[in-house]
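I opened this entry to look up the charged side-chain pairs. My notes follow the display.

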Amino acid sequence: MKCGREENGENVKEMGVCPAALPNEYNGVHNGHAGGRFCWTITGTLCHGKPGGTFAQKFLTCLTCKFFKHVQEEEERYFMVTPTQAKANAKCKLLNAK
């Protein structure tokens, strides 16, 4: 989102590092770094300039987010909405790699 909350970003002192920018289990989902392209599932990311809640609490707001729609359009049929989908996809990738 270019919000300056990535590690060493310009807004880190004021607002802290974004949880989506930190290493997490969603690294690589939608070809993103950490959870950056799966932010709607991560608690504490900014929603309209304020830290959002959990996936369940903020998801309806995320449906109207320009970034959410951008990722959805780019990923087309490979778009994953829920953490369960991402974990299932990761498991499939591991099984196929063997």
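**Salt bridges**

I looked up Lys-87 and found a salt bridge with Glu-25, the closest N and O atoms being 3.6 Å apart. I count a salt bridge when a side-chain nitrogen of Lys or Arg is within 4 Å of a carboxyl oxygen of Asp or Glu. Lys-87 lies in helix H4 (residues 83-97) and Glu-25 in the loop between helix H1 (12-15) and strand E1 (46-47), so this pair ties together parts that are 62 residues apart in sequence. Helices (H or I, at least four residues) and strands (E, at least two) are DSSP runs, numbered from the N terminus.

The model is predicted, local features need pLDDT of at least 70, side-chain atom pairs count only at pLDDT 80 or more, and totals for chains, interfaces and linings use all residues. Residues are numbered from 1 along each chain as its sequence is written, and side-chain values use heavy atoms, with hydrogens and water left out.

I then checked exposure, where buried means under 20% relative accessible area, exposed over 50%, and partly exposed in between (1.4 Å probe, protein chains only). Lys-87 is partly exposed at 44%, and Glu-25 is exposed at 56%.

**Arg-37**

I found Arg-37 in a salt bridge with Glu-74 (2.5 Å, N to O). Glu-74 lies in helix H3 (residues 66-75) and Arg-37 in the loop between H1 and E1, so the pair ties together parts 37 residues apart in sequence. Arg-37 also forms a salt bridge with Glu-75, with the closest N and O atoms 3.6 Å apart. I noted Arg-37 as buried at 17%, Glu-75 as buried at 14% and Glu-74 as partly exposed at 45%.
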